[in-house]
Amino acid sequence: MAEAITGKTATETGGFRSWMARAGQDVNFLGAAFLLPAAVFLILFLSYPLLLGVWLSFTDARIGSDGQFIGVENYQSLWGDSVFWLSVFNTVLYTVVASIFKFALGLWLALILNENLPFKAMFRAIVLLPWVVPTVLSAIAFWWIYDSQFSIISWSLQQMGLIDQPINFLGDATNARASVIAANVWRGIPFVAISLLAGLQTIPPSLHEAATLDGATPWHRFRYVTLPMLTPIIAVVMTFSVLFTFTDFQLIYVLTRGGPVNATHLMATLSFQRGISGGQLGEGAAIAVAMIPFLLSAILFSYFGLQRRRWQQGGKD
Amino acid sequence: MTDFSRRGVLLGSAGIAAGLAGAKLLGGNPALAQDAALRYKPEEGASLRVLRWAPFVKGDEDQWIANTKKFTDLTGVQVRIDKESWEDIRPKAAVAANVGSGPDIVLVWFDDAHQYPDKLVDMTDLATYLAGKYGGWYPGLEGYAKQGDKFIALPLATIGNAVCYRESWVKAAGFSEFPKDTKGFLELCKALKASNHPAGFTLGHAVGDANNFCHWVMWSHGGQMVDENGKVVINSAETIAALNYAKELYPTFIAGTESWLDVNNNRAFLAGQVSMTANGVSLYYTAKKDPATAELAADIRSSNFPIGPVGKSVELCQTTSCMLFKHTKYPEAAKAYLQFMYERPQMSDWITSSSAYCCQALKSYADNPIWTADPIHAPYAKASETLRPNGYAGPLGQASAAAMADYIVVDMVAEAATGQRSPEDAAARAEQRAKRIYRS
């Protein structure tokens, strides 16, 4: 009996080994096996939450209750909600202005750091600091910098006799928007600068040397050599930068909570306020889902626009 | 986070008799003797997780932990206390409710319990017992913890709110005493501004201070968010009168109050930048404990907000309740713990140690000596008795919580006060926003 069992087990083991050996040679099987962990990860932690969020946006779910399917009622409600539209305006303004500044200043910094400077490595490390500091910490620092009574900027300007009253950084709608954008720019520049610096270092020096021999000015070298070579990197870097900026939450939450009178509410902060603090999960999810078209547009623009070969070569459509 | 190890006497299955024996072993501590009368028998091997807000007054937390330790010593039930910044309690509790996991007991704010009543253990038996023994619950606080006839939580305390002002500056401005009505209050603010000691009341997205101030502005003039049936009535002549009042008051404030969050008014007051603000008693104790501001502390006086045309004191005040989630594995242990914490030896010590920051929920604790220990405490003493609930005069629930979370009243007052909108437009916009929430 024991021998019979042992014999059967040995046969099965041999069969399994043989199957494994065949599978090990099968490219399709191996491909699927190697993809499986990544696929499970993506489905569990990215696709499922995203789909759940989309589903919630079509329900009247509240904290503690699953909710019923209500179609597009949340979106209809948001369509007539002035605070929602204000948050859309704020988010677009915040993203566009901050991204332009981050790109311009980041590129400028990258070009400087690409030159032969003394202590170049140290400067590069310093540039990264704002990116390394946790956002909440830098936001708290800005909170003090922008304080309506204790701002270091206001104090300095008052000491210099340039202003009489402290600047109302976060109390006035325009000032508040400019202030949170400035804080975001400060934090986002290192990412753009260091990424573009890496891109700049991939441009062969021989191209610049040839252009110089041909009599190209520094501007011409930048416009017709550096920029076209850098465009693919710019496309990727700015796509990420736009995504980070569009979905920003921490800076606003720490600095203003969306105030004054919702002047700095972004879609992300409004989504949290309505969904979690207000308990209206369905509506909060709808606001978050409403961000997707904007984000997709940014991605599509960058991938199908900025990477076009004609644009890279300085031409037009 | 605080962990309590199981030690001392283990009552567990031994019940009341062992409890008495244990109390004797520990020297006949009267608190422990009383605790032997626990109405609930903790489950075998029970342990609890409590999530509470980070303290504003150190003594509150210390005493809460000490009381908890006594409970652990008595019953052997381990209790882990986690604390979060007070504004983070709501999202944490909300997630726990939604996923059905996490802390057993949460100390929540305002109408949180009404957001997910189905997830909470019925506390009616314990609440009724405590009310019978300790003079009953204050109605305003009770409403936050009750749905119909059922207690979905236990009211714990009101965080009293009062106007804190610098007496010397008020006197220098020509006022021998703090004004009792809104008209006199406006005159005082104007006089303080003229003497370069402006007032400062929060108009930013500050959950506590801004809601307290802005609800007072609206209510004191007779405005209200909804009527008894939950119909939105905020766009009324009374509300517009309130907003006109805010518009007159605002120029007397220090610049920037529309950006203030909950901590800004404390900072400005303690730095001598403003002569007057509204806050919990923690502001006074912060000044008192710092030698650098001892002189300022001696100059602080407190008062309730003045009475407006409505003719009576109407203040929101923050309220806190203890919720017990249905996902708890040990409901009996949790109820035993809460009973223990509410019994006189523990609750009295906790109220005393909270230094007038936490106003009692049960009427018989009103005789706590803390209320007469310092004249500054007086306006905070009746917070539970006089508070007006959020979403007045409508029912507490998901709509009232959502309206507060959306800062509808705060934004309305801030818009009108700062001149961003006319009072009429601000009230109309608030009405539009409120109707979205109160639509169902």
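Q: What average pLDDT does chain A have, and what share of the residues score at least 70?
A: This is a predicted model, so confidence comes before details. Where pLDDT is low, the predicted coordinates should not be read in detail. Chain A averages a pLDDT of 88, and 92% of the residues score at least 70.

Q: How is the overall form of chain B read?
A: Start with the inventory: chain B has 21 helices and 11 strands. Its C-alpha trace spans about 70 × 55 × 35 Å along the principal axes. A compact globule of 440 residues would have a radius of gyration near 22 Å, and the 23 Å of chain B agrees with that. Buried residues make up 57% of the 440 residues in chain B. Of the contacts in chain B between residues at least 6 apart in sequence, 75% join residues at least 24 apart.

Q: In a strand, which way do the side chains point?
A: In a regular strand the side chains alternate between the two faces of the sheet. Take strand 10 of chain B (residues 318–324). B:Gln318, B:Thr320, B:Cys322 and B:Leu324 point one way, while B:Thr319, B:Ser321 and B:Met323 point the other way. Both sets are buried, and the count for the strand is 7 of its 7 residues.

Q: Which strands are joined to strand 10 of chain B by bridges?
A: Strand 3 of chain B (residues 105–109) runs antiparallel to strand 10 of chain B and is joined to it by 5 bridges. Strand 6 of chain B (residues 154–159) is also antiparallel to strand 10 of chain B, with 5 bridges. B:Cys322 is the bridge partner of B:Leu107 and also of B:Leu154.

Q: In what order do the strands of the open sheet of 3 strands in chain B lie?
A: The order is 8-7-9, with antiparallel pairing. Strand 8 (276–279) and strand 9 (300–303) of chain B are the edge strands, each pairing on one side only. The twist averages 30° from one strand to the next. Strand 7 of chain B (residues 162–166) is joined to strand 9 of chain B by 4 bridges; B:Cys164 has B:Ser302 as its bridge partner.

Q: Where are there backbone angles to look at?
A: Look at omega for the peptide bond and at phi for the residue. The bond from A:Gly259 to A:Pro260 is cis, with omega near -5°, and A:Pro260 sits in the loop between helix 11 and helix 12 of chain A. The bond from B:Tyr392 to B:Ala393 is also cis, with omega near 5°. B:Cys317 is not a glycine, yet its phi is positive, about 60°. B:Cys317 counts as buried because 28 other C-beta atoms lie within 10 Å, the cut-off being 20 or more.

Q: How many residues does each chain give to the contact?
A: Chain B gives 32 residues and chain A gives 29. Helix 4 of chain B gives the most to the side of chain B that touches chain A, with 5 residues. That side divides into 13 nonpolar, 9 polar and 10 charged residues.

Technical notes: Residues are numbered from 1 along each chain as its sequence is written. Chains are lettered from A and ligands numbered from 1 in the order in which they are written. This is a predicted model: local features need pLDDT of at least 70, side-chain atom pairs count only at pLDDT 80 or more; totals for chains, interfaces and linings use all residues. Two residues are in contact if their C-beta atoms, placed from the backbone, lie within 7 Å. Helices (H or I, at least four residues) and strands (E, at least two) are DSSP runs, numbered from the N terminus. Ala, Val, Leu, Ile, Met, Phe, Trp, Tyr, Cys and Pro count as nonpolar, Asp, Glu, Lys and Arg as charged, and the others, Gly among them, as polar. pLDDT is the predictor's confidence in each residue, from 0 to 100. Two strands pair if DSSP finds at least two bridges between them. Axes are lines fitted to C-alpha atoms, for helices over the stretch in contact, and angles run from 0 to 180 degrees between N-to-C directions. The radius of gyration is taken over C-alpha atoms; the globule rule is 2.2 Å times the number of residues to the power 0.38. A residue is buried if 20 or more other C-beta atoms lie within 10 Å of its own, exposed if 12 or fewer, and partly exposed in between; C-beta atoms are placed from the backbone.
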